[in-house]
Amino acid sequence: MQLNSGVPAGPIADKWDNHRFEMKLVNPANKRKYDVIIVGTGLAGASAAATMGELGYNVKVFTYHDSPRRAHSIAAQGGINAAKNYQNDGDSVFRLFYDTVKGGDFRSREANVYRLAQISLNIIDQAVAQGVPFAREYGGLLANRSFGGAQVSRTFYARGQTGQQLLLGAYQALERQIAAGTVEIATRHEMMDVVVVDGVARGIVTRNMVTGQLESYTGDAVVLATGGYSNVFFLSTNAKHCNVTATWRAHRRGAGFANPCFTQIHPTCIPPSGEYQSKLTLMSESLRNDGRIWVPEDKEEKRAPRDIPEGERDYYLERLYPSFGNLTPRDIASRRAKEMVDAGHGVGERENGVYLDFKDAIERLGRDTISERYGNLFEMYEKITGENPYDRPMRIYPAPHYTMGGLWVDYDLMTTVPGLFAIGEANFSDHGANRLGASALMQGLADGYFVIPMTIGNYLARVSHQPVPTDHSAVKDAEKDVRDRLDRLMSVNGNRTVDDFHIELGRLIWNECGMERSKEGLERALRQIPELRERFWNEVRVPGSAADLNQSLEKAGRVADFLEFGEVMCYDALTRVESCGAHYRVEHTTEEGEAKRDDERYAHVAVWEFTGVGEAPNRHVEALEFDNVQLSQRSYK
Amino acid sequence: MKLTLHVWRQKGPDDSGRHERYEAEDVTPDMSFLEMLDLVNNRLTETGGEPIAFEHDCREGICGSCGMMINGVPHGPKSMTSACQLHMRSFKDGDEIWIEPWKALAFPVLKDLVVDRSSFDRIIQAGGYISVRTGSAPDGNAIPVPKEDADAAFDAATCIGCAACVAACPNASAMLFTSAKVAHLAHMPQGQTERYDRVLSMVAQHDAEGFGNCTNHGACQEACPKGISIDYIAQLNRDLIKATLLDRPE
């Protein structure tokens, strides 16, 4: 497997400009001759489709939802970073770049991150021009807040619904292009496989989710904007349908999978309330700006939180990290919460959370200000728990939320399969081992609006393709693989539900490859996952018919892929014998219990090559070079 | 809790459909309504039945996928709450619950509780956007927006496109949905250029999709899980009248 990052030469601040100048351009009159297939319509996919449509490419975009507006980007709450320095507090492109590389614990590619920080400026402009109703100050200018450990206020937001508003902006731009005829959309179509012809990605096989028919589409390039894989844990903050299928199918066709063990656990989610729990709900990290996290000192504490005197509370983040306090990065805040609950300080009926308390903030700023800032989050919390956070501290606990790992891509966002690109959360490129808050929206939109529309031209201008008809043998072979697999799922006819297996897999991965990983645990998981997979294929029951709208079958296909994917995640965690960012190996910690990196041996991206189901995958590495950032032990004391 | 469900089952658009009765056992108050349906579906699967098809995804009230009539009310009894955020503490042991899909000419049933809402996308295609090419935007702070306008635009823009407004309306009108987008963009200086063309095209598409007109029942705003106000419909009507009267060259 060749891993050529293709990072342009020159000083970091000039790389993207130089590269854009050196790129081959597609003649405007020729753009419509190129068929670009995009899978996924979240922030990355919708913005990419709209922009490439505007440029004149012939775009075909696919979503498994009934409308592009349903993609899970819609649920992002807190905000989007940009190095505008509107607050005059010392921010700059370099500082955003630096913070992102450091926040990612020095496991991301410098050049990509720098480009991201540069483009962050354009994203805000673009979104404002689209009419995204960002928060404003009384003078009418854009408001900012500090977010998730940043010491400058660079986060733009639309109350607690920033993802919704940005997605609707991209969705509207996309619908405009659909009306203009430059983009064609197929809703309720799920990508089942990538078609590779002579080593080059030339199309996809989809399943029409209403009729059950397999439909194939071919073109000159395929872009996957299919999100992350947090649902491998079953319980996560991802929407129920989020899955690894598109990226996993691409991986099976030759695309390297990078750093699959880098999964982010978000510190502020609502703890599970029972065994029937189907998903977890995130409470925006912005709450940590004003809320204070604590647990009772006494493990046997039974009093209501308000009755516990100050002296008997442990504000552990403020105690351990006096300068960052409640705003320590996500990985640290999450691990410390787990530590407190594991030590017996958990709160709530199930003793599975810590308190996030707004009492002091309400006294200091008034209830109205708190309501203005977090009103919708407080309402959401009350709907779910039946408790009112104005009067009683919230209970929170970490939950899987985002995956930094994803398909390996070069500087042009192309995977190891020529012609196959990955954007947004589906790729691995920008967040290293830990993503900073308010950076996911930034990356999705940077990739979609500003990177891929340029770099795909650089690819298309260099290739000369013969059209691939949909009766080509590679298409027919891929269709047959998909059909065989669906038939196999339908014919097991066992007695256990798909959810049952998903829950079991999720529990296993959470225990062994979640917030803490150990050699012993990972080896245990690698023994258990194949057994579980085998039981799945012998005992699962998929009711109904494949030639029909069948939600059980949709789920079964995704869970079957998670059952393969979980293994490579554990291999990755096992072979990265260091702790970094969200990857915390219990054997590798500092004396204070922080993640201890091993830069000599692991300052690289691990890229996995598929060798067969149940076979140990091959590990390749892309060495990371840091010319602009000094590697240091992260310290938030 | 133990509940009796009467659920609309329909194999496809051509099937006439019927209510079927299910007993939901071991329901707990902290379960969401959709988790209660998961429970019923898993039992159905284990006992050889076919689970009830219903749409859902984020399960936190923002994606707009879920939506069903619960005892004749869109999204059920709790105000400003989508079905996924409705919890079983709103019901009591022994309750009977009638669960049906959205009923509107413009929303054909695909299966059970799943309907086709693509008409909403076509209303947006007709003009629910600001025409700005990627890359051509001025600096974000070049156009100040008074905070009140930004807030009003935001309130309208929170629509999740679930279509409860249509399901609640005796005329199956989608005016609340349409007006929310019209009002969102009309409150922003960026949206002024296309303001009157937008309202004309979007309303024309709304009518072409087979939605009825608004006769001021107000049922839509009661049903809206995001609390979108029918004031926006009034605003749409003002803009529509103005647009119709404007001297616009063909």
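In what follows, buried means under 20% relative accessible area, exposed means over 50%, and partly exposed lies in between, with a 1.4 Å probe and protein chains only. Helices (H or I, at least four residues) and strands (E, at least two) are DSSP runs, numbered from the N terminus. This is a predicted model, in which local features need pLDDT of at least 70, side-chain atom pairs count only at pLDDT 80 or more, and totals for chains, interfaces and linings use all residues. Residues are numbered from 1 along each chain as its sequence is written, chains are lettered from A and ligands numbered from 1 in the order in which they are written, and side-chain values use heavy atoms, with hydrogens and water left out.

Q: How many residues of helix α8 of chain A are buried?
A: Helix α8 of chain A runs over residues 330-345 and is mostly covered. Its buried residues include Arg330(A), Ile332(A), Ala333(A), Met340(A), Val341(A) and His345(A). Counted over the whole helix, the buried residues number 12 of 16.

Q: Which elements of chain A do the buried residues of α8(A) pack against?
A: Contact here means heavy atoms within 4.5 Å. By that criterion, the buried residues of α8(A) pack against the strands β11 (263-269), β12 (292-296), β13 (313-314), β14 (354-357) and β15 (394-403) of chain A, and also against the helix α7 (316-320).

Q: Are α13(A) and α14(A) roughly parallel or antiparallel to each other?
A: Axes are lines fitted to C-alpha atoms, for helices over the stretch in contact, and angles run from 0 to 180 degrees between N-to-C directions. Helix α13 (residues 498-513) and helix α14 (residues 519-539) of chain A pack at about 175°, with their axes 10 Å apart. Angles under 35 degrees count as roughly parallel, over 145 as roughly antiparallel, 65 to 115 as roughly perpendicular and the rest as oblique. The two helices are therefore roughly antiparallel.

Q: At roughly what angle do the axes of α4(A) and α11(A) cross?
A: The axes of helix α4 (residues 110-130) and helix α11 (residues 440-460) of chain A come within 9 Å. Residues making this contact include Leu116(A), Ile119(A) and Ile123(A) of α4(A), and Leu445(A), Tyr449(A) and Phe450(A) of α11(A). The helices are roughly perpendicular to each other, and the crossing angle is roughly 85°.

Q: What is the relative accessibility of Asp105(A)?
A: Asp105(A) is found in the loop between α3 (93-103) and α4 of chain A. Leaving aside neighbours within four places in sequence, Asp105(A) is in contact with Ala433(A), Cys580(A), Gly581(A), Arg597(A) and Arg634(A). Asp105(A) counts as buried because its relative accessibility is 2%.

Q: How far apart in space are Asn208(A) and Arg188(A), C-alpha to C-alpha?
A: Asn208(A) lies in strand β7 (residues 200-208) of chain A and is buried, with a relative accessible area of 12%. Apart from neighbours within four places in sequence, its contacts are Arg188(A), His189(A), Gln213(A) and Glu215(A). Although Asn208(A) and Arg188(A) are 20 residues apart in sequence, their separation in space is 6.2 Å.

Q: Which residues of chain A is Thr45(B) in contact with?
A: Thr45(B) is found in helix α1 (residues 33-46) of chain B, and at 5% relative accessibility it counts as buried. Leaving aside neighbours within four places in sequence, Thr45(B) is in contact with Pro51(B) and, in chain A, with Thr497(A), Arg541(A) and Pro543(A).

Q: What separates the C-alpha atoms of Met36(B) and His87(B)?
A: Met36(B) lies in helix α1 of chain B and is buried, with a relative accessible area of 0%. Not counting residues up to four places away in sequence, Met36(B) touches Leu5(B), Ala24(B), Val27(B), Met31(B) and Met88(B). Met36(B) and His87(B) are 51 residues apart along the chain, and their C-alpha atoms are separated by 9.0 Å.

Q: What is the phi of Asp112(B) near?
A: Asp112(B) is found in the loop between β6 (109-111) and β7 (114-115) of chain B, and at 2% relative accessibility it counts as buried. Its phi is positive, in a residue other than glycine, and is near 45°.
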